[in-house]
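Here are my notes on the model, point by point. Please read them with the structure open.

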Amino acid sequence: MYKLSVLYVSDNNYAPLLGISMLSLFENNKDIDDITIYAALNSVSTENMQKLKSTADYYNRNFVIIDPTIFDIQLDTLGVPKWKGNHCTNYRLFFETILPNNIDRFIYLDCDTIICGSLKKLLNLDFQEKIAAVVLDVTIMQDYKQIIGFTKTDNYFNAGVMLININNWKLNNCTKKLLSYIKNSRSKYLYPDQDLLNILLKNKTLLLPPEYDFMPIHRLISDKDYYEIFGKNNYYSPTELKNARENPKILHTYNFIGQFPWNQNSWHPDNIIVDYYLQRSQWKNFQKFKYSNLSLLLKNILHKILPTKIFYKLFKIMALNDLKRKEKKIKKC
């Protein structure tokens with residue numbers, strides 16, 4: 001019997017995205033006998049809570065609600081920065097405490113993921129004493145890695161999709177090490193939760209092919225242009241990216257150059273598939289947001305008027321300057 005345990009964390013703003021992600025997971029994983037969703041929810045409305053549960057009930061899947069706010073005081077004491085006003089994204093750092101003891105592995109998914117293929121193969125993955133199976137983050141992050149003490153050849157993964165072996169996590173005392181590291185470093189990173197997980201799990205991860213966390217940029221520009229602009233740097237091969245593009249398992253529909261699929265008039269590459277599941281969900285009347293940020297509006301205009309390659313070269317310069325500016329701010333703390 002195949003069993004899949006999935007952890008999501010969400011607040012009320014992201015609840016519709018969580019619901020859409022769950023729907024796509026259930027719809028495309030009917031070959032898995034038992035799916036249990038563990039949802040760590042912060043200030044989610046009763047209406048959204050009922051819709052989430054109803055979505056799971058429709059597919060005869062288990063839906064377990066977890067109140068993670070007990071960790072807020074500890075996170076504040078340790079100096080872990082909040083993200084958009086709360087600790088929601090940081091709750092996943094405490095999964096060993098909030099998940100049942102009888103689970104040996106689980107997959108963590110960001111709410112802005114669309115699962116468009118079966119995850120059954122992951123249930124029999126041999127971890128080979130590794131702790132997690134992950135997908136490399138895009139190579140723009142190569143320049144950022146040095147800020148957290150990594151070399152250019154060290155792997156830096158995206159923490160929005162992680163398959164974690166809980167037994168190996170416990171054997172390596174990862175939670176204790178993580179809390180110790182947070183306490184000593186005061187979490188002065190641009191991406192605190194993702195950076196800490198990368199540092200903690202350095203050389204302790206298996207690399208999954210990119211179709212398990214396929215990112216927006218690879219659906220907007222060619223692989224040739226991608227390598228020319230951003231470099232290869234121990235990244236996935238053109239063959240691997242081609243296969244992921246043709247047979248994605250998980251699409252990561254995150255904010256890309258200010259674009260979200262849930263924004264009005266967005267040119268995000270995942271608009272069509274997100275809208276497909278949105279219209280089949282209990283949030284089909286969801287009102288997309290208007291742009292209110294001048295910087296995002298400017299990027300939107302530049303994307304429309306500039307040739308693709310020139311736009312992304314400019315984007316790289318802007319992104320690197322932003323990283324350097326944030327690095328200086330961190331060093332002053």
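**Notes on the predicted model**

1. Leu323 is buried, because its relative accessible area of 8% falls under the 20% cut-off. This is a predicted model, so please read every value below as computed from it. Leu323 sits in helix α13, which runs over residues 308-332. Its C-alpha atom is 9.1 Å from that of Ile147. Along the chain, Leu323 and Ile147 are 176 residues apart.

2. Next, the salt bridges. Side chains of opposite charge can pair when their charged atoms come close. The structure has eleven salt bridges.

3. Glu27 pairs with Lys30 in a salt bridge. Their closest N and O atoms are 3.1 Å apart. How accessible is each partner? Glu27 is partly exposed, at 32% relative accessible area. Lys30 is exposed, at 55%, because that value is over 50%.

4. Asp223 and Arg245 also form a salt bridge, with 2.7 Å from N to O. Asp223 is buried, with a relative accessible area of 13%. Arg245 is partly exposed, at 31%.

5. Lys309 and Glu228 make a salt bridge, their closest N and O atoms being 3.3 Å apart. Here helix α13, which holds Lys309, is linked to helix α9, which holds Glu228.

6. Now the second largest pocket. Its space comes to about 290 Å³. The lining has 17 residues. Closest to the pocket centre are Lys3, Leu4, Ser5, Asp104 and Arg105. Strands β1 (3-11), β2 (34-42) and β4 (105-109) each give two or more residues to the lining.

7. What is the make-up of that lining: how many nonpolar, polar and charged residues? The lining of the second largest pocket has nine nonpolar residues, four polar and four charged.

Key:
Residues are numbered from 1 along each chain as its sequence is written. This is a predicted model: local features need pLDDT of at least 70, side-chain atom pairs count only at pLDDT 80 or more; totals for chains, interfaces and linings use all residues. Side-chain values use heavy atoms; hydrogens and water are left out. Helices (H or I, at least four residues) and strands (E, at least two) are DSSP runs, numbered from the N terminus. Buried means under 20% relative accessible area, exposed over 50%, partly exposed in between (1.4 Å probe, protein chains only). On a 1 Å grid over the protein atoms alone, a cavity is a set of points where a 1.4 Å probe fits but cannot get out, and a pocket is an open set with protein on both sides within 12 Å along at least five of seven lines; lining residues have an atom within 4 Å of a point. Grid points are joined across faces, edges and corners, and a volume is the space filled by probe spheres set on the points. Ala, Val, Leu, Ile, Met, Phe, Trp, Tyr, Cys and Pro count as nonpolar, Asp, Glu, Lys and Arg as charged, and the others, Gly among them, as polar. A salt bridge is a side-chain nitrogen of Lys or Arg within 4 Å of a carboxyl oxygen of Asp or Glu.
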